[in-house]
Amino acid sequence: MSQSTTPQKGNLTGSARKLKDDAADWHNLTLRWERLNDEGSATATNIVNLGLNKKSHAESEVVMEGGSLSSGDLSENLTKSNQELEEECGKLKDVVDKMANIVSKMEKMVQAERGICELEAFQFGEKGRPEPLFHSWPTKQFAEVSSQLYESYKQELALKKTILQELAHTANADLSMVYLSSWLYQPYIEDSGKLLLESLLLETGHRPL
């Protein structure tokens, strides 16, 4: 397809400008999310390790009662472990809060794009704009793709919140590993979503055809 069929960046106005900017925002927000996910994964691993150490200290206090190690030493170790655990939980909460902020921005983009669709339906009728704003997508496809991406991150955020609530209180090592794996591999953010994002970037000219 020749370059002349696509509006140049400097000439974009109105809905086209908004949709192209949104595509760039989607890309940037997903990159930020991935960096936060890596940060959260490292913090969640620390929480699990501290939790297991805390359990080990508690068991030692029972075993060593009346033994050579003083209860004061064990109590001091346990207090330090609790402080470290609280700090790491605070870091993980901060990560989840930042992720929630990203999802909130995604939701606003979806709402704005639905507004563009409603405006075009008013201007051009139910079939919408006769010519595509970019290469081939009807305007409603931008809203549909954004909505699908938003829903996947919204569900993933709900999972992150559950992991945040449960991780520090899980005494079972196997369950802790499940939580860690779920955090790292993000079951609700599938490869199909990444393909949708790439398609969006291609359609709006952020990626060369």
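These questions and answers cover a cavity, one lysine and a helix pair in a predicted model.

User: How much space lies in the largest cavity?
Analyst: Residues lining the largest cavity include Ile47, Leu52, Leu167 and Ser176. The space in this cavity is about 40 Å³.

User: Which helix gives the largest share of the lining of the largest cavity?
Analyst: Among the lining residues are Ile47, Val48, Gly51 and Leu52. The largest share is four residues, and these come from residues 14-63, helix H1.

User: How many residues in the lining of the largest cavity are nonpolar, polar and charged?
Analyst: Gly51, Thr170 and Ser176 are among the lining residues, and Gly counts as polar here. By class, the lining has five nonpolar, three polar and no charged residues.

User: Is Lys93 buried, partly exposed or exposed?
Analyst: Lys93 sits in helix H2, residues 71-124. Its relative accessible area is 44%. Buried needs under 20% and exposed over 50%, so Lys93 is partly exposed.

User: How far apart in space are Lys93 and Gly40?
Analyst: In sequence, 53 residues separate Lys93 and Gly40. In space, their C-alpha to C-alpha distance is 8.9 Å.

User: Are H3 and H4 roughly parallel or roughly antiparallel?
Analyst: Helix H3 (residues 139-167) packs with helix H4 (residues 173-185), their axes 10 Å apart. The angle is about 150°. Angles over 145 degrees count as roughly antiparallel. H3 and H4 are therefore roughly antiparallel.

User: Is the crossing of H3 and H4 left-handed or right-handed?
Analyst: The two helices pack with their axes 10 Å apart. Where H3 passes H4, the crossing is left-handed.

Notes. Residues are numbered from 1 along each chain as its sequence is written. This is a predicted model: local features need pLDDT of at least 70, side-chain atom pairs count only at pLDDT 80 or more; totals for chains, interfaces and linings use all residues. Side-chain values use heavy atoms; hydrogens and water are left out. On a 1 Å grid over the protein atoms alone, a cavity is a set of points where a 1.4 Å probe fits but cannot get out, and a pocket is an open set with protein on both sides within 12 Å along at least five of seven lines; lining residues have an atom within 4 Å of a point. Grid points are joined across faces, edges and corners, and a volume is the space filled by probe spheres set on the points. Buried means under 20% relative accessible area, exposed over 50%, partly exposed in between (1.4 Å probe, protein chains only). Axes are lines fitted to C-alpha atoms, for helices over the stretch in contact, and angles run from 0 to 180 degrees between N-to-C directions. Angles under 35 degrees count as roughly parallel, over 145 as roughly antiparallel, 65 to 115 as roughly perpendicular and the rest as oblique. A crossing is left-handed if the near helix is turned anticlockwise from the far one by less than a right angle, and right-handed if clockwise.
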